[in-house]
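Hi,

Here is the structure I said I would pass on.

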Amino acid sequence: MGERRSRAFWPLAVFFSLFVLFLYGPTLTVLILSFQGPEGGLTFPMRGVSTHWFGVLWDGLGVVDVWAAFGRSFRLGLVVTALTVVISVLAGLAFRRRFRGSTLLFYTAIASLILPSIAVSLGIALEFRILDDLVKAYGLGGAGYQSAMGLFTSALGAHLTWTLPFGLLVMFAVFNRFDPAYEEAARDLGATPWQTFAHVVLPIIAPYLIGVALFGFTLSWDEIARTSQAIGGPNTLPLELQGLTTTVTNPAIYALGTLTTAVSFLVIGLTLGTGLLLRARRMRGASDAGKGTL
């Protein structure tokens, strides 16, 4: 017979259920209302069920080019993901050995996690305005120079201040418990430092790199506060979505929310699937190696 549950189980279960409902209820509500009929509004009750508002979204929402904003956010997310993974790995390798100033550098790198996002955004915008003034003062940008602020300059930097600390913390934890005996064995067999990294270290840490990539893309994909003052050009999709909440008064805004959520879940699914595939291949390789020694 199973162990009898305590009296506290049911109140805690109810509390947890309410918490999950509070956490995911808004997303579920947006998902349901995005499938309203042509006469549907922004609230319940629903007036029919259709994909009408997705068609409206496909045709565009007024003067806002949603698909251009979608493309900008997607491209920025990919660049942020790549840089977050590469820099995090390099930093993790560097911090395996103590060096002068490492503690200060570590806390400086993760300090942006506790700073108000709007303050970071304003600081980056101010930094680039000062840079623009210097460029114009010395005539370095030419007659057509406008500003150095843009999607892959100031906005990219703003996003990296948010994604990099997460990537660094993950990789520091990974390398903190990484067994150097694997590398020593590879070097004893004549492997170069690059071969040791590519054929020994990288396959072992690959699942964690996928997690870092997931952090990088999803955090960049829905970032608003750090982008708001630092974008310096056409808006990303979250900023356009925020602006549309005051102008669009039909369920097309919900259809856009459903689409962005679907992209997030798609990225999460692909990430988890890749991680499971790598884990299965690693376990199969270990099993084959074990059979070969018998």
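**Annotated spans**

Let's begin with residues 104-131, whose end C-alpha atoms lie 27 Å apart; the span is 79% helix and 0% strand. Keep in mind that this is a predicted model.

That stretch comes from the UniProt record, an unreviewed entry, which places the feature "transmembrane region" at residues 12-35, 74-95, 104-131, 151-175, 196-217 and 252-278. I also checked residues 196-217: this span is 100% helix and 0% strand, and its end C-alpha atoms are 28 Å apart.

The record, again as an unreviewed entry, also has the annotation "domain: ABC transmembrane type-1" over residues 70-271. In the model, the span 70-271 is 73% helix and 0% strand, with 20 Å between its end C-alpha atoms.

**Two helix pairs**

As you know, two packed helices are described by the angle between their axes and the distance between the axes. I have two pairs for you.

The pair α5 and α6 takes in residues 117-137 and residues 154-176. These helices pack at an angle of about 145°, and their axes are 10 Å apart. Their crossing is right-handed. On the α5 side the contact is made by V120, I124 and F128, and on the α6 side by S154, G157, A158 and T161. Sorted by class, that gives 4 nonpolar, 3 polar and no charged residues.

The other pair is α3 (residues 66-94) with α10 (residues 237-244), also at an angle of about 145° and with axes 8 Å apart. Here V66, A69, F70, R72 and S73 of α3 meet L237, P238, E240 and L244 of α10. This contact has 6 nonpolar, 1 polar and 2 charged residues.

**A glutamate to look at**

Then there is E183, which sits in helix α7, residues 181-188. Is E183 buried or exposed? Its relative accessibility is 10%, and buried means under 20%, so E183 counts as buried.

What does the side chain of E183 make a polar contact with? The partner is the side chain of R96, at 2.8 Å.

Cheers

Conventions: Residues numbered from 1 in each chain as written. Predicted model: local features only at pLDDT ≥ 70, side-chain atom pairs only at ≥ 80, totals over all residues. Heavy atoms only, no water. Axes fitted to C-alpha atoms, helices over the stretch in contact; angles between N-to-C directions. Helix = DSSP H or I, 4+ residues; strand = E, 2+ residues; numbered from the N terminus. Contact = heavy atoms within 4.5 Å. Nonpolar A, V, L, I, M, F, W, Y, C, P; charged D, E, K, R; others polar. Buried < 20%, exposed > 50% of the residue type's maximum accessible area, 1.4 Å probe, protein only. Polar contact = N/O pair within 3.5 Å; in protein donor to acceptor, adjacent residues only side chain to side chain. UniProt positions renumbered as here; feature names shortened; annotations may be inferred. Left-handed = near helix turned anticlockwise from the far one by under 90°.
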